[in-house]
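Visitor: I have not seen this structure before. Could you take me through some of the terms used for it?

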Amino acid sequence: MLTVTAAAPLILATLAILLARQSAMRAGMLGLVVSIVIAATVTEFSLDSQGIASAVIDGLLTTATVAYVLLGGVTLYWVLRAGGALERLGKAAADAIPNPAQRVLVLVLGVSVFFESATGFGVGIIVTVPLLITLGYAPARAALIALLGQCAVPWGALAIGTVLGADLSGLPAGETAMTAVWLSLPFILLCAFATLSFAGESLTSVSNILSAIAYSVLLAAMLWASSAWISVELAGCIAGLSVTLVGLVLARIRSKAHTDGNGLFAAALPLFVLMATLSLTRLVPAVGDFTSSLLRIDVPAYDFTLSIIHHPGFWMLLAALAGILCLRIPAPEVRRLVPQALKQWSIASLSVAGFICFGHVMLHAGMTDLLAETVAAGAGTAYLFAVPAVGGLGGFLTASNAGSNALFMAFQSTVAGRLALDPIVVAAAQNAAGANITLASPGRIVLAASVSGLAGQENQLMRPALALGIIGLLLMLPVLALL
């Protein structure tokens, strides 16, 4: 009974989303309320008012780092959208590759991954769906193909979920991300071949098979190399851009294809600003040390530090400002987009906050420890193969690997410690599983359906997307056995 009580916040938050069809924000807040009530009334998990407040504050401080990235990413997205940059950039890449199989692979593994990594929040879907419909794909096919561009979500939104997971587990983000690449490679390959299938392209063509494998391996290799030697935060952007550029170069060599460059420089400039500034602050130690020392918020009691200037959120906001200027967005349009961006940001931040805060209350009250001890005692070392299922559940519920990590990373890490499992492998599996299943999450499905004009017909997308997500989780198991 005590174990069920400890799990109640997770169970009720899960049921709120799956059965009551509540939003992630409401589910997270429900979990927070339930965890506080348990901590205040159950003797075994007793926390006084100061202890509860301390746990919530700890969660809010962790949320602040995530919310800062969310603010920058959402603002940048609305600026690029208002200036027409997203359509220009995506269409230019599509027009430059005449071969339909090559084009759709580059759109999914290159363009979509790049935009998702630069801004997050399903922007890759929003960019890709209209392009695919313009290219002649039926709305349902376009939506399914666009969902497959979520194959590199561990590095989405400048890897905010991976960085948060590393923070919650106390492990290096770089090592966690590098291990996550090996766990994600089978899923990336699955998404590449599913892309060809949904696009109606031959799966027996040698050229298509080799292209799917080559682009998948290139994407994974660049994710690994960038996470290892450049920056986890930039890895997805670099990998997606690499696939896109290789696709464009190959098309140019094969068919002399090219695209109209009119307006492309202005459309791409905000993203160049973002990548350049992040590269400087991450790759040049002197610059990084300088920006880290400016406008620091330190809360020693909670071991919390936030460098306002060094943080990716600041540079995303700077890129958004550059976008307003170079895309010549008029002042009235800026005044309209700011409230829209803030509304989306507040909803996303509150959704993450609820899950992070009730996770911290559970941790401070000993609920997480009890659950970890129970699971460890029952599963033994075989628990390693259950890690993807737990992470996948979090990703499905929250449509975010940041949300999944907020829910389960502390729990997974505690179990790993109890069973003497490799903490890096467990953290990477939690992160990758929570990220990969997001393509089938209600949040992403609703987004894809709304963009493709299929609102109310989400079931057409949910079944195949969920099947792919589950297969992706199963494909992790042999990789876990080898690591």
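Guide: What follows is a set of questions and answers on a predicted model.

Visitor: Why is Ser452 called buried?

Guide: Buried means under 20% relative accessible area. Ser452 has a relative accessible area of 7%, so it is buried. Ser452 sits in the loop between α20 (442-451) and α21 (459-482).

Visitor: Which residues is Ser452 in contact with, leaving aside its neighbours within four places in sequence?

Guide: Val129, Ile133, Pro139 and Ala143. Of these names, Val129 is also listed among the buried residues of α6.

Visitor: How do you know that the length of helix α6 agrees with its number of residues?

Guide: Helix α6 covers residues 123-134, which is 12 residues. The expected span is 1.5 Å times one less than the number of residues.

Visitor: Why is α6 described as largely enclosed by the rest of the structure?

Guide: Because 9 of its 12 residues are buried. The buried residues include Val123, Gly124, Val127 and Leu131. Just after α6, Gly136 has a positive phi of about 105°.

Visitor: What does Phe115 touch, not counting residues up to four places away in sequence?

Guide: Phe115 touches Leu86, Leu89, Gly120, Val123, Gly124, Val127 and Leu271. Phe115 is also one of the residues that touch the most other members of the largest nonpolar core, which has 164 residues. The largest share of this core, 13 residues, comes from helix α9 (residues 173-198).

Visitor: Why does Leu419 count as buried?

Guide: The cut-off for buried is under 20%. Leu419 has 15% relative accessibility, so it counts as buried. Leu419 is found in helix α18 (residues 401-419).

Visitor: How far apart are Leu419 and Tyr383 in sequence and in space?

Guide: They are 36 residues apart in sequence and 8.6 Å apart in space, C-alpha to C-alpha. Leu419 touches Tyr383, and also Ala376, Gly380 and Thr381.

Notes: Residues numbered from 1 in each chain as written. Predicted model: local features only at pLDDT ≥ 70, side-chain atom pairs only at ≥ 80, totals over all residues. Heavy atoms only, no water. Helix = DSSP H or I, 4+ residues; strand = E, 2+ residues; numbered from the N terminus. Buried < 20%, exposed > 50% of the residue type's maximum accessible area, 1.4 Å probe, protein only. Contact = heavy atoms within 4.5 Å. Core = buried A, V, L, I, M, F, W, Y, C linked by side-chain atoms within 4.5 Å.
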